[in-house]
Structure formats: structure tokens, C-alpha cells
Amino acid sequence: MPIQGMEMLSTVAHALHISEEELLRQGLRRVLEHHLRAVKAEIFEISSRYGISSVTEMEARYRDGTLEEADSWRDLQRLDHLEYTCERLVQLLEAVA
């Protein structure tokens with residue numbers, strides 16, 4: 001971390017009467033929670049659009065012919081990526097806790 005960043009960390013931790021480690025942990029937790037909320041919101045948007053709860057269910061709808069792939073394949077790919085990202089963010093949050 002650059003000197004200015006270290007000084008800022010120390011200054012803020014001192015002002016809040018917490019350790020630098022605790023300040024970093026709280027900051028990381030807030031950033032991860034923010035990103036997780038955004039990812040979950042996008043998952044909800046896509047899931048609501050197709051009346052599904054997961055990529056697995058969307059793929060099942062393709063197989064049974066109740067969902068047209070031509071109009072939704074980009075959303076399937078995005079949902080798959082978002083679900084992976086969500087899982088990874090949860091893992092990182094657990095590690096920070």
C-alpha cells in the first residue's frame with residue numbers, strides 16, 4: 001500500500017478508535033456486501049423476466065421447449081456468470097468475517 005494509503009488507514013483507525021486491521025476488515029466487508037447486493041439485484045431482474053430461479057431451471061426450460069433460446073441466450077450466459085460471482089462474493093465475505 002502506498003505511504004499515503006497507510007497514513008490514511010492509520011489516521012482513520014485512530015479517529016474511530018479501532019485497529020487498522022478492524023478498519024480494513026470492515027471496509028472490505030462493506031465493499032463485498034455492496035457488490036453482492038448489486039449482483040443479487042441483477043440475478044433477480046433476469047430471473048423475474050423468465051420466471052425462473054436459476055441457470056439450471058432456465059436450461060431445463062430450454063430442454064422442455066418452454067423458453068425460446070434465440071431470444072434469451074445472452075441472459076442465460078449473464079445469469080450463469082452472475083451466479084458464479086455471487087458464490088465467489090459469499091465465499092470472500094465468509095473469509096473476511
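Which residues does Leu 9 touch, not counting residues up to four places away in sequence? In this predicted model, Leu 9 touches Glu 20, Leu 23 and Leu 24 when those neighbours are left aside, contact being defined as heavy atoms within 4.5 Å. Residues are numbered from 1 along each chain as its sequence is written, and side-chain values use heavy atoms, with hydrogens and water left out. Local features need pLDDT of at least 70 and side-chain atom pairs count only at pLDDT 80 or more, whereas totals for chains, interfaces and linings use all residues.

The mean pLDDT of the protein chain, where pLDDT is the predictor's confidence in each residue on a scale from 0 to 100, is 94, and 98% of its residues reach 70 or more.

Helix α1 comprises 14 residues and reaches 20 Å from its first C-alpha to its last, close to the 20 Å expected at 1.5 Å a residue, the expected span being 1.5 Å times one less than the number of residues. The helix is followed by His 17, whose phi is positive, near 60°. Leu 9 is found in α1 and is buried, with a relative accessible area of 10%; here buried means under 20% relative accessible area, exposed over 50%, and partly exposed in between, with a 1.4 Å probe and protein chains only. Between Leu 9 and Ser 19, which are 10 residues apart in sequence, the C-alpha to C-alpha distance is 9.4 Å.

A search of the whole structure finds 6 salt bridges, each defined as a side-chain nitrogen of Lys or Arg within 4 Å of a carboxyl oxygen of Asp or Glu. One of these joins the side chains of Arg 25 and Glu 22, at 2.4 Å from N to O, and because the two residues are 3 apart in helix α2, they are separated by about one helical turn. Arg 25 is partly exposed, with a relative accessible area of 31%, and Glu 22 counts as partly exposed at 24%. A salt bridge is also formed by Glu 33 with Arg 29, the closest N and O atoms being 3.3 Å apart; both residues lie in helix α2, 4 residues apart, and both are partly exposed, with relative accessible areas of 23% for Glu 33 and 28% for Arg 29. The side chains of Arg 49 and Glu 45 likewise meet in a salt bridge, at 2.8 Å from N to O, and this pair lies in helix α2 with a spacing of 4 residues, about one turn of the helix. Salt bridges that share partners join Glu 21, Glu 22 and Arg 25 into one network.

Glu 83, found in helix α4 (residues 69–96), is buried yet has no salt bridge, the nearest side chain of opposite charge, Arg 78, being 12 Å away; Lys and Arg count as positive and Asp and Glu as negative, while His and the chain ends are not counted. The side chain of Glu 83 reaches the backbone nitrogen of Val 55 at 3.0 Å. Leaving aside its neighbours within four places in sequence, Glu 83 is in contact with Ile 43, Ser 53, Ser 54 and Val 55.

Technical notes
A polar contact is a pair of N or O atoms within 3.5 Å; within protein, one must be able to donate a hydrogen and the other to accept it, and residues adjacent in sequence count only if both atoms are side-chain atoms.
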